[in-house]
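Please open the structure in your viewer and keep the sequence panel in view. The stops below are arranged so that each selection can be made in turn.

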Amino acid sequence: MIVAFLCQNCAQGAANTAGVQRMRYSDEIHIVRVPCAGRAGAREILHAFNNGAEAVAVIGCCFGACHFSDANLITLRRVKIVKKFLVEMGYSTDCVTMYTSRAAEGDTIVGDFEDILERKYDPETPPCPGGAK
Amino acid sequence: MVRLSVVQLRGCERCAWDLLTLAKNSSVEFVSHPLIDGGSGSDNDADFVVITGYARKSDEARLRELLSRGKKLILYGTCPYTGGIFGLMNQKGADVVPVTEYLSPVASVLGCAPSPDELLSVIEGQSAQRQPLCSECERHFTDEEFDKIIRVPDWSNREKCFNNLGLACSGVLSARCAQRCIDFDTPCRGCVGMVDDPPGRMIGYFGSLAVNLQVDTVATDCATDRLGDRPDEITRSLVDVVGTFFRFHLASHFKFPGRNPSTGDELADIMVARPIEEAPQIAATIYGRYGISVALNLIEAYEAAAGIQVSDETRELRSELRAAQDGLLTALDQHDIEALEGVIDKIRTIGGNEVLSNVYFGGFKRPVKSAKNGFDTYCVGPLEIKAVHARSEDGCSRVSFSTDEQGVIREWSCELRSA
């Protein structure tokens, strides 16, 4: 299971656009809509891992286009610290990543989802906490 | 008269010997105490069973048996509540678990180590008074974001909050405690949490203040951005996220054991991967009754290897601490409670608190009452972080370790000698 925190402006908008365009993405992705990427921090990411997530993605607005000032930039730093935490624990750096997307372009978020899956199944990297590769 | 039975699980025993000082109190009687009867005493007549120390998964049967006796259980110290500092072993694949996974206490007295007086007030029915630590800190918080993460504070700036300076301090989500590291220019690591999920909240808070730091990003195929994996300012300067944000909460807030190889020694597993500037306090904590000796050997070994000069007054104060170390071992061996109280007072006077927050590389962080000369003769200087191979020994322990270029301990061995 991959948990994706989608901000309701750009990322959820992109997912809606992808849906309207009948684009396909893996059923491993579980979307959690959040008001802003800034709402998904270390607490939510670690909570997802502790409850069985194999990888976590936070997807927000493009840099400079956050609907809540610069919260996506703050989340970028928080996610980087969580990434470092997982690496220090011996897990893959790809277990958690932050992406950006554009609401009008569905392929931006579908591309993000494909990128998450590709990284999760990369045999060259260590596993993620929630499960084996 | 309240009858207490103390159960020591695993760990440093500091909480157990602190509790021993309650024996002088006329309102308390120990029907069983591991440092008096070796844990063989019966808790049949006990009003409360006080649990100290950390547990591993293999202790489940013992804990369930404790629960089945129907006694009122009180957790004493952070270890039984969250796994405590020993939860850091989980980074190397251990299975430290909070005792609360198996039993429900009537009360918990948190701290590393807490004050026995807090236990008394809990027994008397008063709820634990948890005041925010920040309200008592002499440093002041502003809304200023930092431009870089620092590892050692500027000893001359005692006005500004550590978090504004770029040094993570968990005091913002912790409660007042018995050790008060913040009084000795030592950032809080959150042994008395006031909120749920302290590490997650602390990363969120510190990440918010780190908004000026450069973070690596890469472009995706769709011309959007993704967080990159190359080293950047955050990964280079935050050398120990586990030990900084999860110091007392790793076992309770991340349920997966780490995949790093174990060194074969439980305590070495905690010391490896810790940055040198945090190591003395961690060593003083986890090595229990030998903590003073191990911490001082660590400091002196690094000073010798890194060429840090030490004044005669500092040496004098350290030798007083070593005398307190011998006194502590003797008092514990002889169950001499009066001597034990005296030694704890002496350790607090020189070392600041029981986990030696005042003792540092090159000197002391704050003035020591018993010093014969002025503070400028033994105050701490700048700490140069470098790769070293270092060793030192005294009558109680022999320490040898090596650090990498970032000053992170990569090899650690410590041999303890009985007095």
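This is a predicted model: local features need pLDDT of at least 70, side-chain atom pairs count only at pLDDT 80 or more; totals for chains, interfaces and linings use all residues.

Residues are numbered from 1 along each chain as its sequence is written, chains are lettered from A and ligands numbered from 1 in the order in which they are written, and side-chain values use heavy atoms, with hydrogens and water left out.

**Stop 1: helix H1 of chain A**

Select residues 11-20 of chain A, which form helix H1. Helices (H or I, at least four residues) and strands (E, at least two) are DSSP runs, numbered from the N terminus. Seven of the ten residues of H1(A) are buried, so the helix is largely enclosed by the rest of the structure. Here buried means under 20% relative accessible area, exposed over 50%, and partly exposed in between (1.4 Å probe, protein chains only). Colour Ala11(A), Gln12(A), Gly13(A), Ala14(A), Ala15(A), Thr17(A) and Ala18(A) to see the buried set. These residues pack against strands S1 (2-7), S2 (29-34) and S3 (55-60) and against H4 of chain A. After H1(A) comes Arg22(A), with a positive phi near 55°.

**Stop 2: Gly106(A)**

Next select Gly106(A), which lies in helix H4 (residues 106-120) of chain A. Is Gly106(A) buried or exposed? With a relative accessibility of 0%, Gly106(A) counts as buried. Setting aside residues up to four places away in sequence, Gly106(A) touches Ala14(A), Thr17(A), Ala18(A), Gln21(A) and Met23(A), where contact means heavy atoms within 4.5 Å.

**Stop 3: Arg56(B)**

Move to chain B and select Arg56(B), found in strand S4 (residues 55-56). Arg56(B) is buried, with a relative accessible area of 15%. Show also Arg10(B), Met89(B), Ala94(B), Asp95(B), Val96(B), Val97(B) and Glu266(B), with which Arg56(B) is in contact when neighbours within four places in sequence are left aside.

**Stop 4: the cysteines**

How many disulfides does the structure hold? Over all chains there are zero, a disulfide being a pair of cysteine sulfur atoms within 2.5 Å. Select Cys161(B) and Cys134(B): the sulfur of Cys161(B) has its closest cysteine sulfur in Cys134(B), 6.0 Å away, which is too far for a bond. Cys161(B) is buried at 10% relative accessible area, whereas Cys379(B) is partly exposed at 31%.

**Stop 5: backbone points in chain B**

Most residues other than glycine have a negative phi, and most peptide bonds are trans. Select Cys112(B) and Ala113(B): the peptide bond from the former to the latter is cis, with omega near -5°. Ala113(B) belongs to the loop between strand S7 (107-109) and helix H5 (116-123) of chain B.

Continue to Asp185(B), where phi takes a positive value near 55°. Asp185(B) is placed in the loop between helix H6 (162-165) and helix H7 (198-209) of chain B, and counts as buried at 1% relative accessibility. Leu356(B) likewise has a positive phi near 55°. Its place is the loop between H15 and strand S10 (359-360) of chain B, and at 3% relative accessibility Leu356(B) counts as buried.

**Stop 6: helices H14 and H15 of chain B**

Select residues 312-333 (H14) and 337-351 (H15) of chain B, which pack at an angle of about 155° with their axes 9 Å apart. Axes are lines fitted to C-alpha atoms, for helices over the stretch in contact, and angles run from 0 to 180 degrees between N-to-C directions. H14(B) and H15(B) are therefore roughly antiparallel; angles over 145 degrees count as such, under 35 as roughly parallel, 65 to 115 as roughly perpendicular and the rest as oblique. Among the residues that meet are Leu317(B), Leu321(B) and Leu328(B) of H14(B), and Val343(B), Ile347(B) and Ile350(B) of H15(B).
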